[in-house]
Amino acid sequence: MKPTEGPELGNHTLLTEFVLSGLSNHPALQHLLFFTFCLIYTITIIGNLLIFMVTVHPTLRMPMYFFLRVLSFLDISTASSVVPKMLVNFLSEDRSISYMGCATQLYCVIFLAATEWYILAAMAYDRYVAICNPLRYAIIMNCRVCHSLVLLSCCSGNVVSVVQTAWVFTLPFCGPKKINYFFCDIPPLIMLSCTDTSSYEKQIITATVLVIFAPFCLILVSYACIISSILKISSAEGRHKTFSTCSSHLIVVTLYCGSGTLIYLQPKANYSQDAKKVLALIYTAITPMLNPLIYSLRNKDVKEVLIRMMAELMKK
């Protein structure tokens, strides 16, 4: 048996492992949930791998597709940091996760989520330059700039994740050890702490504002300039064609920003735990699955290359 309790703190016993309650406690639903999320995870992996392979094609060597490739890698990683453990728990009576395992999962989820959000901001800037300054697009968005934006996004995501994870796991967890969630995340973890977390909740809100709303402001400014440029285009067909290059990105930004804001701006909000789980599912499982569909179905170039690759594969 693994130890579940550690040294005592006052009248409490510190925890050395947690138990994830999962999405549902109903035994009859476990197999259905397993097959549902197994399918979602499979679609996520296959879809994002296809996007990754398609965007490597010589005809798609543009910054937009480079960022899309990075986004696909982050989506695979995000889903893989949460869904496999969730699938195991659907079929297992032992839903425990070690203290270090929980800290590692929290770090990975925050790092990947923050990095993806910064990448989405970089993609908005890319669309701004492409539409508002097309003659200088190749000069401004050169290979060095694109790689620097990705590196900056990863470094920023790492700083955010290290700080948040360290702050959470300096809190004493005295029991109960059951996390009413399907993965280790900040809101359910701080509810298990045996100390006053009000100051930490204020810190979470501050960090959320900085992490989410700073890039969101950049996205808003970028799209304000983009819309202004689109309205100057005389033909309706030209306006539609130009805006279609941004619509996929806007859908993903809305899904990502909406779910993240509702969860982390109110870590102890009054809405039900089931509602919080649904919101968390949006950015950990649903959005990674939908991204390839959103970007491929609404992008003519991606669809053409994908069809060409499929035709070449069938000939072989």
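On a 1 Å grid over the protein atoms alone, a pocket is an open set of points where a 1.4 Å probe fits, with protein on both sides within 12 Å along at least five of seven lines, and its lining residues have an atom within 4 Å of a point. By that rule, the second largest pocket here holds about 180 Å³ of space, and the largest holds about 280 Å³. The model is predicted, so to speak of local features takes pLDDT of at least 70 and side-chain atom pairs count only at pLDDT 80 or more, while totals for chains, interfaces and linings use all residues. Residues are numbered from 1 along each chain as its sequence is written, and side-chain values use heavy atoms, leaving out hydrogens and water.

**Second largest pocket**
- Arg61, Met62, Pro63, Phe66 and Arg69 are the closest to the centre among the 13 residues that line this pocket.
- Two elements give two or more residues each, H2 and helix H5 (143–168), and H2 gives the most, with 4 residues; helices here are DSSP runs of H or I with at least four residues, and strands are E runs with at least two, numbered from the N terminus.
- The lining has 8 nonpolar, 3 polar and 2 charged residues, where Ala, Val, Leu, Ile, Met, Phe, Trp, Tyr, Cys and Pro count as nonpolar, Asp, Glu, Lys and Arg as charged, and the others, Gly among them, as polar.

**Largest pocket**
- Of its 11 lining residues, Lys241, Ser244, Thr245, Lys300 and Asp301 lie nearest the centre.
- H2, helix H8 (236–264) and helix H10 (300–315) each supply at least two lining residues, and H8 has the largest share, 3 residues.
- By class, this lining divides into 5 charged, 3 polar and 3 nonpolar residues.

**Helix packing**
- Helix H1 (residues 30–54) packs against helix H2 (residues 63–91) at an angle of about 160°, with the axes 9 Å apart.
- That angle makes H1 roughly antiparallel to H2, a label for angles over 145 degrees.
- The residues of this contact comprise 18 nonpolar, 6 polar and 2 charged.

**Aromatic pairs**
- The whole structure contains 12 aromatic pairs, meaning rings of Phe, Tyr and Trp (its six-membered ring) with centres within 6.5 Å.
- Phe18 and Tyr99 form a stacked pair, because their ring centres are 6.1 Å apart and their planes lie at 20°; planes under 30 degrees apart count as stacked.
- This pair links distant parts of the chain, with Phe18 in strand E3 (residues 17–20) and Tyr99 in helix H3 (residues 99–132), 81 residues apart.

Terms used:
Axes fitted to C-alpha atoms, helices over the stretch in contact; angles between N-to-C directions. Parallel < 35°, antiparallel > 145°, perpendicular 65-115°, else oblique. Points joined across faces, edges and corners; volume = space filled by probe spheres on them. Phe/Tyr/Trp six-rings, centres within 6.5 Å; stacked < 30°, edge-to-face > 60°.
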